[in-house]
Every structure is written in structure tokens, then in C-alpha cells.
Amino acid sequence: MPSLSEDLQEVRSRAEVCLYSGGRVVEVRAGVMAMANLSLPPCSKYRHIAAETMVTENSFGSNRKETLASLQRLSTALNILEKYGCNLTNPNRPKYWRTVKHNNPVFRATVDAIQGGRAVLCLYGYSNQQADGLSFPDDVTDPDVGRVAAVTLEVMSLRIELEMLIKETHPHPEFYERIIPTLRHKDVGLNTDAVIFQSSSSSGHSKGQTKSLAFPLHHHSSRKSSHSLSIQVSSTSSNKHPG
């Protein structure tokens with residue numbers, strides 16, 4: 001029985017060839033999905049792009065909701081990077097394929113707004129830093145479509161993985177929960193500490209005797225509302241990632 005690494009290599013090879021040889025879109029997507037679903041951590045799955053570093057450096061927030069919002073921005077940028085890659089592997093490349101301009105509003109709002117975006121473009125071949133953008137070296141007449149396809153495939157796969165994380169359909173979310181701790185807490189409002197607090201307060205314990213370990217609880221001032229305590233999540237500055 002083949003190992004996961006062998007499965008990855010087989011899936012990768014088929015999808016890469018399909019991508020740069022003008023294969024059907026449905027076949028490329030099937031290969032990308034198979035790669036994204038493999039039970040391997042990002043550090044083992046991706047060998048061209050620094051996937052794990054990109055995810056950690058672009059995830060912000062003190063809770064799961066905020067973190068997923070930041071990963072959505074990363075996913076959007078990957079989608080644009082994917083288009084750059086597909087344009088280069090396409091036999092009918094756009095007229096101005098050799099350069100990426102910094103003043104392009106889409107580039108500026110997506111790719112240039114994340115950590116690692118320009119590094120992916122460099123892997124595509126945009127290695128010349130110019131005053132107004134990035135370009136291929138003058139002595140390069142055509143992009144290396146095999147290499148571009150390999151990088152683009154990884155960009156596609158990482159984007160799919162992020163989308164599955166956001167939609168909570170990822171088959172192996174634990175790989176990302178290990179590197180982004182805020183993803184581990186899915187339902188803060190249903191935390192068992194809150195249940196313990198509620199039952200203990202109704203049984204006559206004083207307000208100061210029971211505390212939630214997960215987050216501060218705010219008591220109602222009125223006795224009438226003591227049976228329906230509201231739970232409010234308060235994020236502390238010490239838990240926030242730098243934004």
C-alpha cells in the first residue's frame with residue numbers, strides 16, 4: 001500500500017502535467033482537491049511555497065471568528081496569485097505577462113496586502129525588482145511552465161484548504177489548529193465552564209465563589225434575571241496577535 005508521501009507525489013505529478021498541458025479544468029480541480037484532502041501537515045505537503053509560514057504570518061485575532069476572517073483575506077490573495085500562475089501556463093498568455101505593476105489596485109489590495117505574496121510571484125519567475133513593479137529578467141523569453149504549474153498547484157491547494165477551514169469542512173483541521181491556537185476554540189458560547197457557573201449560582205453559591213476559567217462572566221444586577229445569566233466574551237490584549 002502506497003504511503004501518503006507517495007500518494008502526494010502521484011497526485012501532484014498528474015495535476016501539474018494537466019495544468020501546463022492544457023488539460024480539462026475538471027481534471028485540474030480533481031487533482032487539487034485530492035492534494036488538499038491528503039492527511040499531511042502543510043510543512044510536509046508543500047515544498048515550493050512556504051505554506052505554514054504564510055498561514056501563521058497572516059492569521060490575526062484573539063478568537064476563532066477574527067482568525068477565520070484574516071484567513072479569508074489570505075484566501076482571496078491566493079486566488080489572485082492562482083490567476084497569475086494560470087495566465088503564465090496558458091499558451092495564450094496575456095500581452096503584458098512579463099510584469100506585475102505595484103499600482104494595480106487588485107494587486108495592491110490582495111497580493112501586496114499579505115505576507116509572502118511577492119515571494120510566490122518570485123517563484124513564478126517575477127524576480128526583477130523594479131521601481132514600479134516586478135518583472136521577468138530580460139533574458140527570459142518564456143516562463144518555465146513546469147515550475148509555474150508546480151507552484152500554482154500548491155497555491156490552489158492551500159486556498160482550498162483555507163476555504164474548507166473557514167466552512168468547517170476540512171478533513172484534518174488539527175494540522176492548522178496546532179499552528180494557530182485560536183482555531184481550537186470553536187463554540188465559545190457553549191463552553192462547559194459556563195454550564196458549571198450557571199448551575200452553581202442557582203444552587204446558592206455566592207457570586208464570588210465560582211469563576212469561569214475560559215472568559216470573564218458579567219453578572220446581572222437584578223435578582224430577577226439571575227436565572228438567565230448572560231455570557232460575554234472579553235478578549236484580553238495579551239492574547240491578541242499583532243495586527
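The model is predicted. Its largest nonpolar core holds 51 residues, and helix 8 gives the largest share of that core, 11 residues. The count of disulfides is 0.

**Nonpolar core**
- Leu121 and Tyr124 touch the most other members of the 51-residue core.
- Two or more residues of this core come from each of helix 1 (4-20), helix 2 (25-37), helix 4 (51-57), helix 5 (64-89), helix 7 (117-124), helix 8 (145-167) and helix 9 (174-177).
- Leaving aside residues up to four places away in sequence, Tyr124 touches Leu81, Glu82, Tyr84, Gly85, Leu88, Phe136, Val148, Val151, Thr152 and Val155.

**Helix 8**
- With 23 residues at 1.5 Å a residue, helix 8 should span 33 Å. The C-alpha atoms at its ends lie 32 Å apart, which agrees with that expectation.

**Cysteines**
- Cys18 has a relative accessibility of 11%. Cys18 therefore counts as buried, the cut-off being under 20%.
- Cys43 has a relative accessible area of 54%. Cys43 is therefore exposed, the cut-off being over 50%.
- A disulfide requires a pair of cysteine sulfur atoms within 2.5 Å, and by this rule the count comes to 0.

Key: Residues numbered from 1 in each chain as written. Predicted model: local features only at pLDDT ≥ 70, side-chain atom pairs only at ≥ 80, totals over all residues. Heavy atoms only, no water. Buried < 20%, exposed > 50% of the residue type's maximum accessible area, 1.4 Å probe, protein only. Core = buried A, V, L, I, M, F, W, Y, C linked by side-chain atoms within 4.5 Å. Helix = DSSP H or I, 4+ residues; strand = E, 2+ residues; numbered from the N terminus. Contact = heavy atoms within 4.5 Å. Expected span 1.5 Å × (residues − 1).
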